[in-house]
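Colleague: I'd like a close look at one part of this model, please. Here is what I have on screen.

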Amino acid sequence: MNNANEPSRRALLDAAAIESLVDTAPVRDKALGVFPPWHKRGHVLPAEDPSMLYSRELTCPACGSAYRCTMPRESKLVKTGEDSDLRQRYKGVEPIYHAVPVCPDCLFAAPLAYHQKPLKHRDELAGTLAHYRPLVSVKADRDADDVFTSYYLALKCSAFYPDREMLDGWLWQRLSRVYDDCGDLNMSLFALRKAYKAYQTGFSVSELSSAQLQRTAYAIGDMAARLGEYDKARRFLFETKKIRDGAAAIRDMADQRLEYVNSKL
Ligand SMILES: [Zn+2]
């Protein structure tokens with residue numbers, strides 16, 4: 001298991017400053033498209049092995065169009081490790097770059113599991129996405145900007161699902177990892193803080209199974225540790241260990257993270 005990269009105090013302060021600026025940002029510049037201010041275009045992601053990917057047809061749950069997107073071949077995935085935030089590493093491919101398909105017709109975007117879930121207020125969703133039509137183009141063969149676009153569009157669509165907080169937490173956590181892969185530490189921390197907030201709300205208001213509760217408690221504890229909030233990290237890591245029917249492997253990881261957190265107190 002890799003240890004968490006410990007961000008410097010300066011980087012944590014910068015991320016907090018970006019967050020407050022984003023939250024109070026004026027009406028968006030057209031050139032920003034779907035991105036928040038301070039998102040830099042033109043990042044480069046690590047190369048993938050094209051033989052690990054295939055083209056799959058999906059039906060858009062928002063507009064009904066059929067379209068093709070690129071996905072990893074599950075049968076060929078070879079796991080090479082797991083980070084302390086439960087991120088799984090695979091040989092030759094990074095599934096999170098392909099985890100959010102985007103409909104090229106209406107710009108609906110959501111993880112595959114959400115394509116089967118009921119959507120609220122479809123007309124309003126269509127109106128929200130129409131705003132971004134002139135600003136965003138979608139292509140199946142993704143570069144870093146396309147990957148970021150898919151996540152930011154999904155964050156526009158998440159409000160139309162009942163369990164928005166958990167979906168937002170999931171999307172922001174993966175955005176943080178993509179920024180990390182691009183070497184953009186400030187935006188990685190900004191996204192991590194967003195995931196941290198969304199998961200804390202989701203943890204208290206969503207109906208979660210024991211397994212989801214345990215993984216969410218662990219995720220919050222791990223994020224708190226990365227963000228230097230060690231008291232809260234301890235609280236959620238202890239919570240992870242207490243959850244009935246939880247997985248022994250995650251309890252063990254919580255013990256390892258507690259060791260790290262205790263060394264900081
Ligand atoms: Zn669509």
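What do the buried residues of α7 pack against?

Modeller: A word on the model before we start: it is a predicted one, where local features need pLDDT of at least 70, side-chain atom pairs count only at pLDDT 80 or more, and totals for chains, interfaces and linings use all residues. Residues are numbered from 1 along each chain as its sequence is written.

Now to your helix. The buried residues of α7 pack against α6 (210-226) and α8 (248-264). Contact here is between two residues whose C-beta atoms, placed from the backbone, lie within 7 Å.

α7 itself covers residues 230-242, which makes 13 residues, and its first and last C-alpha atoms are 18 Å apart, close to the 18 Å expected at 1.5 Å a residue. That expected span is 1.5 Å times one less than the number of residues.

The buried residues of α7 are Ala233, Phe236, Leu237 and Thr240. Because they cover an arc of only 100° around the axis, they sit on the same side of α7. The arc is taken from the directions that run from the helix axis to the C-beta atoms. On the face turned away from that buried side you'll find the exposed residues Asp231 and Lys242. A residue is called buried with 20 or more other C-beta atoms within 10 Å of its own, exposed with 12 or fewer, and partly exposed in between, with C-beta atoms placed from the backbone.

The largest nonpolar core has 58 residues, and Phe108, Ala109, Ala154 and Ile220 have the most contacts inside it. Such a core is a set of buried Ala, Val, Leu, Ile, Met, Phe, Trp, Tyr and Cys residues joined through C-beta atoms within 7 Å. The most comes from α5, with 10 residues.

Leaving out residues up to four places away in sequence, Phe108 touches Cys60, Pro61, Ala62, Cys63, Cys103, Leu129 and Cys157. Then look at Leu107, in the loop between β4 (88-90) and α2 (122-130). Leu107 is not a glycine, yet its phi is positive, near 75°. Leu107 is buried, with 28 other C-beta atoms within 10 Å.

Conventions: Helices (H or I, at least four residues) and strands (E, at least two) are DSSP runs, numbered from the N terminus.
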